[in-house]
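Colleague: Please show me the model. Then let us go through its strands and one of its helices.

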Amino acid sequence: MQGASRCIRRATSFFSTAGIRRTGQTTTASASLSAQSAGAVPVRQLQTASAATAHEVVHEDEKALRDVFDLPTKTTLGSRWYHQGQPTGLLMESRFVSPKSFKDAGKQAVVEAQQLVEKVLSAQTIEAKQQVVKCLDQLSDALCRVMDVAELVRQVHPDSSWQMAADEVYAEMFNYMNGLNTHVGLYRKLVEVMDDPECSRHLGAVEHEAAISFRRDFERSGIHLTSQAHSRFVDLSAGIHEQSRDFLRLQSQPLPKNRTVDVPLEHLRSLPSQVAMEILQTSRSHKRKDGATIVRLTPDDYAAHYVLRDCEDEATRESVYRIWQQGSSDAVGALESLLEQRLELAHTVGFESFGHMSLVDKMAKSPDHVDEFLRGLAAQASPQWSTVIDAFKAIKGSDVYPWDRDYLVSRQQMDNGALPSLMPYFSLGRVVLGLSRVFKSLYGVELRAVTPQPGEIWHPEVRKLEVIDEDNQLLGVVYCDVFSRNSKSHVGAAHFTARCARRIDDDIRVQGSDAGHSSQTVVERDGRRFQLPVVVLICDFPVPVEGSPPLLNWSNVETIFHEMGHAIHSMLGQNGYHNVAGTRCPVDFVELPSILMEHFARSPRALSLFASHHKTGKPLPQELIRQHAQQRRQHSALDLHAQLFMSALDQRYHSSKLHVSQNTSADGWSTQILADVHRDQMFTNAVPGASTFFGYVHGTKWQSRFTHLIGYGASYYAYLFDRVLAGRIWSRVFAGDYAHTPASDIDALNPLSREAGERFKNEVLRWGGGRDPWKSLASVLDNGQTKGSEIEAIAEGNRSAMRTVGSWQLSDI
């Protein structure tokens, strides 16, 4: 069974230095103005976020939703409900009122789980065996309802006593769950139920998927091994855990003192003045014989970003790039040890490679299928790569290299001229209001701002939203913690599942089975009782300027639309079972709903629902959207290359060919593979200039920074894969528009169609992980817009299906 619900992070490109800030520069966000009522926020108690709203129509309840995010953050009444009154418990859980009660809840969950274990082991009759899957699901939920919150608290809670309690609870429960994952009795009982026709024929479709999920979790833990092999499996698992921690820890190590670059002061004059001044203040300098000032620069992420983007001198850019990308030899050592142990672990369990072991329950199913997909996508992108490289060579007048990329991108953007900012049209409140309007158009659900009770949230800036349907029934709760602050771990943008939806009226009765269930956390539908799903969205948006609403750039808008895509999946994916609810589905399917929402964040039709100037209320001009979209698309092929490269490198690192024994390089065998992937024909074939621009730079060890290898080992391709699926569904199901769609054609397209939304909800979202995702994909596309032969190929979910997906055009490059 799963240790905890996935914390789903957005994929990023590690080749670009954009957005780098020096550690410690993040400021603590000020508390935001809270809503004041116990239910929906009444508008009469709030100021108007904008004085001029003549150009926009906003209903009273919508204004409450907008204003709870947009009102000036310094004039706060947040402390009235954050600190005072009898605490109701973190996230509406009465068991989570203090660090001590949180630790007690962990112990109570283990007691409940142990009783359910005994129920499973003692099942002898047909009736008792038919409850085994339900028992295991209830058991997993009992543990995860505490463990998932512990993981959240560790990342975002500002109180160190809560963080320490969460660390303790998580460690103890993680060890207990690992014991369950290797419990031979539980595994044998589950296999007995699944292999007994008298029992298995009574399993519903979703329950059967839950059973398969549990069985795979057991077998992935080496439960079927001999005692000697299992002992080795346990040792390897512990080693992998330690090496993973070491690899991540080494990311924060400062560069060695001798890793510097001597740069003439003249070469720093093209950098922003504040940045140049900061570099001078933190660097040593000396005079050359010719009188020139030489700055001894340490190329950390911050300095490298600006030098590579703004420095006009190529030799300086090259020197900084080589030192910056030299990486940490210690991190390379930890990574290679981790990868070697993963390979041995896979061999111990009976797989050819860690990739084969990891992909067996994914849509891709095997590394060969992933390779088929990646190569198909690369073949599509080759013409765009050629176009970009030719344009760069024309600007520079010679061959281009990796250290030229950011500089030439910046030059091209400057040559095109600066565009007016979109940020005044994207106040956070307007964006959240836009999300609610999109969800209402598509699925008949909307967001409603409500006031948290004392002790329910961990910081005054957290906002609580209820998700309600057209019958005013509560579907779930979303907490939004979106501003940067020092007390928050740097998880970037993420979606945490704090509690999964699950049917509970048919629970197996044991001591503690009602723990945490109350009128706030349970709803009744059609005579059945369900546990309300609760999710938390984490972002790292800049703290707003005092007196102004939080203003987002377009990338921020895409981020919150993306994370809300995960949230709506959790809200609508209520199939009755915890282990396959909402986002608990294969990692190469889970990003589909969230990436689809990014299309809505770029759709002129969707933007017209909410994008308006925060001072005047005037709508965002269509022509300005088109200009910004054109500028972003100009270099999107480079971002695609980075994602393809990292996906291919990830696959090679988790294959059976690690070159460990043949390696003679002091840089390590992983560096040899890094160079091999750079030279792969996938990236160089039929692309003149690619061998230098995309080529390997001797002495660099970029893999020492590839942290996604820890959480997404052998599955980094998943983001690209779901990006292709989302693009296909956007065009074939939603008939979506694009920023570059001619204005005369936009009215004929209706991505906000309720019919399309219901189709996606019924064929994808509502199933969660309770259905083969290939069947969901085939069903949602089977609307007359896709050939029957293609639908049949997709439904098979084999190598041909992966090849088909790889041939689909990416609309956003």
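Modeller: First, a term: buried means under 20% relative accessible area, exposed over 50%, and partly exposed in between, with a 1.4 Å probe and protein chains only. Helices (H or I, at least four residues) and strands (E, at least two) are DSSP runs, numbered from the N terminus. This is a predicted model, where local features need pLDDT of at least 70, side-chain atom pairs count only at pLDDT 80 or more, and totals for chains, interfaces and linings use all residues. Residues are numbered from 1 along each chain as its sequence is written, and side-chain values use heavy atoms, with hydrogens and water left out.

Colleague: How many residues of strand 6 are buried?

Modeller: Take the two faces in turn. On one side, Arg463, Leu465, Val467 and Asp469 are buried. On the other, Lys464, Glu466 and Ile468 are buried too. For strand 6 (residues 463-469), the count is seven of seven.

Colleague: Which residue of strand 7 stands opposite Lys464?

Modeller: Two strands pair if DSSP finds at least two bridges between them. Strand 6 and strand 7 (residues 474-483) have six, in the antiparallel sense. Opposite Lys464 stands Tyr479.

Colleague: Which residue in the turn between strand 6 and strand 7 has a positive phi?

Modeller: The two strands form a hairpin with four residues between them. In that turn, phi is about 65 degrees at Asn472.

Colleague: Which residue does Arg448 stand opposite in strand 6?

Modeller: Strand 5 (residues 445-450) pairs with strand 6 in the antiparallel sense over six bridges. In strand 6, the residue opposite Arg448 is Glu466.

Colleague: What is the strand order in the open sheet of three strands?

Modeller: The pairing is antiparallel. Strand 2 (261-264) and strand 3 (284-287) are the edges, each pairing on one side only. The order is 2-4-3.

Colleague: What is the bridge partner of Ser285 in strand 4?

Modeller: Strand 3 and strand 4 (residues 293-297) pair in the antiparallel sense over four bridges. The partner of Ser285 is Val295.

Colleague: Why do the buried residues of helix 11 line one face?

Modeller: In helix 11 (residues 273-281), Val275, Ala276, Glu278 and Ile279 are buried. Seen down the helix axis, they line one face because they fall within an arc, taken from the directions from the axis to the C-beta atoms, of 160 degrees.

Colleague: What do the buried residues of helix 11 pack against?

Modeller: On the other side of helix 11, Ser273, Gln274 and Gln281 are exposed. Contact means heavy atoms within 4.5 Å. The buried residues pack against strand 4 and helix 12 (301-310).
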